[in-house]
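I open the notebook on a structure that is new to me.

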Amino acid sequence: KKEKIIGNALIELNKSIKTACKKIAAHSGEFRAEPVKIIAGKKSLTATYRESSCVFKISLGKVFFSPRLSTERLRIAGQIKEGEIVGALFAGVGPFPIVFAKKSPMKKAFAVELNPAAVKNMIENVKLNKVESKIEIFEGDVRKIAPEKLNGKCDRVVMPLPKGGEHFLKEAIGCIKPAGGIVHFYDFVQKEDMFSKTVEKIKTAAADRQRKAVILRKKKVRDFSPTTVQVVVDFKIE
């Protein structure tokens, strides 16, 4: 009942906030969008977000975006070597490929995203950050785009799908060059057994592609609920 008072107070206390919104439902649907409604301020649902000297326009309520992976984006950017080709699957509004373009010596990133609203944001964000020459965007399903456009072309693949990434592991592995490369895989797991099932998924997917997976790093990224955590496993495909 006091949402308008709270919204106006937030705007008054922080001059950089122009609009206050309220979440009205959980992430849902194919695009993992989180519905919101404006409770105070300007009638706009386009947010401006800054991270690692990059700027992003985000259409709230239409796309999935999490600032919680900012540390991961910089960590991976620090590993990318001169001239690498990177596959950014489930690219969203472009945070992973754009941070890579600005903060690493990569040659190029292929960014794949299914959500048309996110693709529209990503196209604008690529221009805003002046990295058009380093990022090629594909709109569509990873299951279709990866085999057709990225097969055997990438030195590195990042796949930060919020949930269900294991269903696309074979496609991600298929993007890796015949000479080998690295995949960064994110998974939601139970706290009491954080890595064994994730590693099993990776090994199975690699075997299905007749490749070998070597685990390089396993780490908890963040807590998700009292019993669930998000983890990242970096593995090398040979």
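Is I38 buried, partly exposed or exposed? I looked up the relative accessible area of I38 and found 24%, so I38 is partly exposed (buried is under 20%, exposed over 50%, partly exposed in between, with a 1.4 Å probe and protein chains only).

I note the ground rules here. This is a predicted model, in which local features need pLDDT of at least 70 and side-chain atom pairs count only at pLDDT 80 or more, while totals for chains, interfaces and linings use all residues. Residues are numbered from 1 along each chain as its sequence is written, and side-chain values use heavy atoms, with hydrogens and water left out.

Entry: surroundings of I38. I place I38 in strand β2, residues 36-41 (strands are DSSP runs of E of at least two residues and helices runs of H or I of at least four, numbered from the N terminus). Setting aside neighbours within four places in sequence, I listed T19, A20, C21, K43, S44 and L45 as the contacts of I38 (heavy atoms within 4.5 Å). I also checked I38 against G174: they are 136 residues apart in sequence and 43 Å apart in space, C-alpha to C-alpha.

Entry: Rolling a probe the size of a water molecule over the atoms shows where empty space is left. I used pockets as open sets of points on a 1 Å grid over the protein atoms alone, where a 1.4 Å probe fits, with protein on both sides within 12 Å along at least five of seven lines; lining residues have an atom within 4 Å of a point.

The largest pocket has a volume of about 1,100 Å³ (the space filled by probe spheres set on the points, which are joined across faces, edges and corners). Its lining has 34 residues, and E34, A47, L60, F65 and P67 are the closest to its centre. The largest share of this lining, five residues, comes from β1.

The second largest pocket has a volume of about 540 Å³. I found 29 residues lining the second largest pocket, with E30, F90, E113, L161 and P162 the closest to its centre. Helices α3 (95-103) and α5 (142-150) and strand β6 (108-113) each supply at least two residues of that lining.

Entry: rings. I found seven aromatic pairs in the structure (rings of Phe, Tyr and Trp, the last by its six-membered ring, with centres within 6.5 Å). Y49, F56 and F65 form one aromatic cluster.

Note on methods
Rings of Phe, Tyr and Trp (its six-membered ring) pair if their centres lie within 6.5 Å; planes under 30 degrees apart count as stacked, over 60 as edge-to-face and the rest as tilted.
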